[in-house]
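Subject: Structure for you to look at

Hello,

Here is the structure I said I would pass on. My notes on it follow below.

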Amino acid sequence: MRRLTLALLSGAYICVALMVALLVWRVGGGAGAGAASLIGTLGLCYAVQGLFARASQAAELAAEIDQVRDAHLILAGELEKIQVRLTEVVETVAEDALRRSEEIASEVHQLEDIIQQMGERLEAQISVQVDRAEAQAPSPQAAALLQTVRGALEAGRVDLYLQAVVSLPQRRTQYYESFSRLRDETGRVLMPAEFLSVAEPGGLVAAIDNLLLFRCVQIVRRLASQDRKVGIFCNISLASLGDDEFFPPFLEFLGANRDLADSLIFELGQAAFDARGATEARSMAKLADLGFRFSIDKVTRLDINFLDLARADVAFVKIAAPFLIEELREDDGRLTLRSIPELEAADYAALARRHAVELVVEKVESERQVVDILDLDIALGQGHLFGEPRPIRDAVLADAQPPADLIQAALRRRAG
C-alpha cells in the first residue's frame, strides 16, 4: 500500500513538473528554461513531500511516546500493588512463624514441667524398687547385673532404638517400633532378655517403660516440629496405665497435644491386655478419647475376638512370623490355622480388617517367610530382614533427655 502511494505521488509530481515546464517553454523561456523548471518543480514537490513525511513521523512518534508513557504508568501501578501484596504476605508469614515458635516453646515448657513432676515421682519409685530387687537377687551374678541396671538408670544410659515396620510387598517404611536398651559403664548394650531377668522381680520394668514412653513423646514432638510425620509404636505397661500418680499428668499432657494421636501408638502384650483391670481399661479409654490407638503384640493365640479389640480402640495386632507359620496346616486341600480350623488362613487378615484391625507380622527373617505372609494377604511386616533396630542419633536426642537426669540424684543418695 505504501509503494502504491509513492508511485501515484511520483506520477503526480512528474505531471505537475511537465505542465510547469511546458508553460515556461510556451511563454518563450526556451528548452533550457523548460528543463530547469521541470527539475525545480520535481525537487520542490519532493521537498514538500519530505516535510509532510517528517511531520507525520513526528506525530506518530509522539503518539507512540504517549502510549509508552501510559503503559509505564499502568506498570508502575501494578508494581505498587504487587509490592503492597508482598508486604502483606511477608507480614503474614512472619506472624505465623512467630506464633508457631511461641506454640512450640509453650509445648516444650509444658513437657519440661511434666518431666519434672514425673522425675520427682520416679526418683522415689526407682530407689525403693532397686533396693527391693537387690534384696531379692538370688545370686551374686544377678546382684551384679542388677547393679549394672542401677548404674545405667543412674547415668541416664537408657537409649531409644527404632525398627521399621514396612508395607508389603513394596517394603516402604510406614511406622517404627521403639525399643529401650540399657548400656553399662563400658558402653556395652544390654539386651532386654539380659536385664529383664533382674528388672522384672524388682518392678523396674515400669520405670524403664516410663522413661521410654517420655522419650517417644519427645522424639515425636521434635520430629513434628520439623514437619516430619512419623508413626511410632511405643510400649506401655499395665503399671503405667494403673499408676494414679503417673497417668493423670501424662494424660493431661497428651490432651494438650492431640496432634500426636496420629504419630504415637501405644503397645502392650496380649497377656497384659487380657489381664487389664477396670483402672487400666479406663486409662486406655481416656487415651482413645483423645484419638490415640493401641497395638497388641506378644500374641500366643490366634483365636482373637477382633470385635473386643475394636471396642478397645486396638488398631494393630502383631504376630511373630515363626508362630504364625507354625499355626498353618493343610486340611483337605485347604490352608487353615490350627487354632481356627473352620477359617481359611487367607481370610484371617480380612476378618481383622472388617473390625478396623491391621495385622503386622514381626520377627521376619527370611524371604520364604515373606512369601507365606503375602499368601495370607497381610500388608505389614517387621523384622531383621527389613532392618535391625537402630539407635536414634545423638543430635536428635539432644533435646529429648528423659527424666533419668532427675532420677540419678536420688539413686546416688541411696547408694551413699
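This is a predicted model: local features need pLDDT of at least 70, side-chain atom pairs count only at pLDDT 80 or more; totals for chains, interfaces and linings use all residues.

**Two helices side by side**

Helices α6 and α8 are roughly parallel to each other, because an angle under 35 degrees counts as such. Helix α6 covers residues 247-255 and helix α8 covers residues 278-289; their axes cross at roughly 10° and come within 10 Å. The crossing of α6 over α8 is right-handed. On the α6 side the contact is made by F247, L251 and L254, and on the α8 side by S283, K286 and L287.

**Cores**

The largest nonpolar core contains 65 residues, and F266, V317 and Y348 have the most contacts inside it. Helix α4 (residues 204-225) supplies the largest share of this core, with seven residues. Apart from this core there is another one of 13 residues, which includes L145, L153, F195 and V198.

What does F266 touch, leaving aside residues up to four places away in sequence? Its contacts are L213, C234, I236, F250, L254, L287, F292, R293, F294 and S295. Two of these names have come up already: L254 belongs to the α6 side of the helix contact and L287 to the α8 side.

**Strand β2 and its partners**

Strand β2 runs over residues 173-183. Its pairing with strand β1 (residues 158-167) is antiparallel, over nine bridges, and V166 stands opposite T173 of β2. These two strands form a hairpin with five residues between them, and R171 in that turn has a positive phi of about 65°. The loop between β1 and β2 also holds P169, which is joined to L168 by a cis peptide bond with omega of about 5°.

Strand β3 (residues 189-190) is joined to β2 by two bridges, and the two run antiparallel. Here L182 is opposite L190 of β3. This is again a hairpin with five residues between the strands, and G187 in the turn has a positive phi of about 95°.

With strand β4 (residues 232-235), β2 pairs in the parallel sense over two bridges. E177 stands opposite F233 of β4.

Is S180 buried or exposed? S180 has a relative accessible area of 11%, and since buried means under 20%, S180 counts as buried. Not counting residues up to four places away in sequence, S180 touches V158, D159, P192, F195, I208 and L212. F195 is also among the residues of the 13-residue core.

**A three-stranded sheet**

Strands β8, β9 and β10 form an open sheet in that order, with antiparallel pairing. At the edges are β8 (328-331) and β10 (340-344), each of which pairs on one side only. From one strand to the next the twist averages 50°. Between β8 and β9 (residues 334-337) there are four bridges, and L328 has L337 in β9 as its bridge partner.

**Residues in loops**

I378 sits in the loop between α12 (367-375) and β12 (380-382). Its relative accessibility is 5%, so I378 counts as buried. I378 touches L168, L324, A349, R353, L359, V361 and I373, again not counting residues up to four places away in sequence. L168 is the residue joined to P169 by the cis bond. The C-alpha atoms of I378 and E358 are separated by 8.2 Å, and the two residues are 20 apart along the chain.

Two further loop residues have a positive phi without being glycine:

- K298 has a phi of about 55° and lies in the loop between β6 (293-297) and α9 (306-311). With 57% relative accessibility, K298 counts as exposed.
- D313 has a phi near 60° and lies in the loop between α9 and β7 (314-320). With 36% relative accessibility, D313 counts as partly exposed.

Regards

Definitions and conventions: Residues are numbered from 1 along each chain as its sequence is written. Side-chain values use heavy atoms; hydrogens and water are left out. A nonpolar core is a set of buried Ala, Val, Leu, Ile, Met, Phe, Trp, Tyr and Cys residues joined through side-chain atoms within 4.5 Å. Buried means under 20% relative accessible area, exposed over 50%, partly exposed in between (1.4 Å probe, protein chains only). Contact means heavy atoms within 4.5 Å. Two strands pair if DSSP finds at least two bridges between them. Axes are lines fitted to C-alpha atoms, for helices over the stretch in contact, and angles run from 0 to 180 degrees between N-to-C directions. Angles under 35 degrees count as roughly parallel, over 145 as roughly antiparallel, 65 to 115 as roughly perpendicular and the rest as oblique. A crossing is left-handed if the near helix is turned anticlockwise from the far one by less than a right angle, and right-handed if clockwise.
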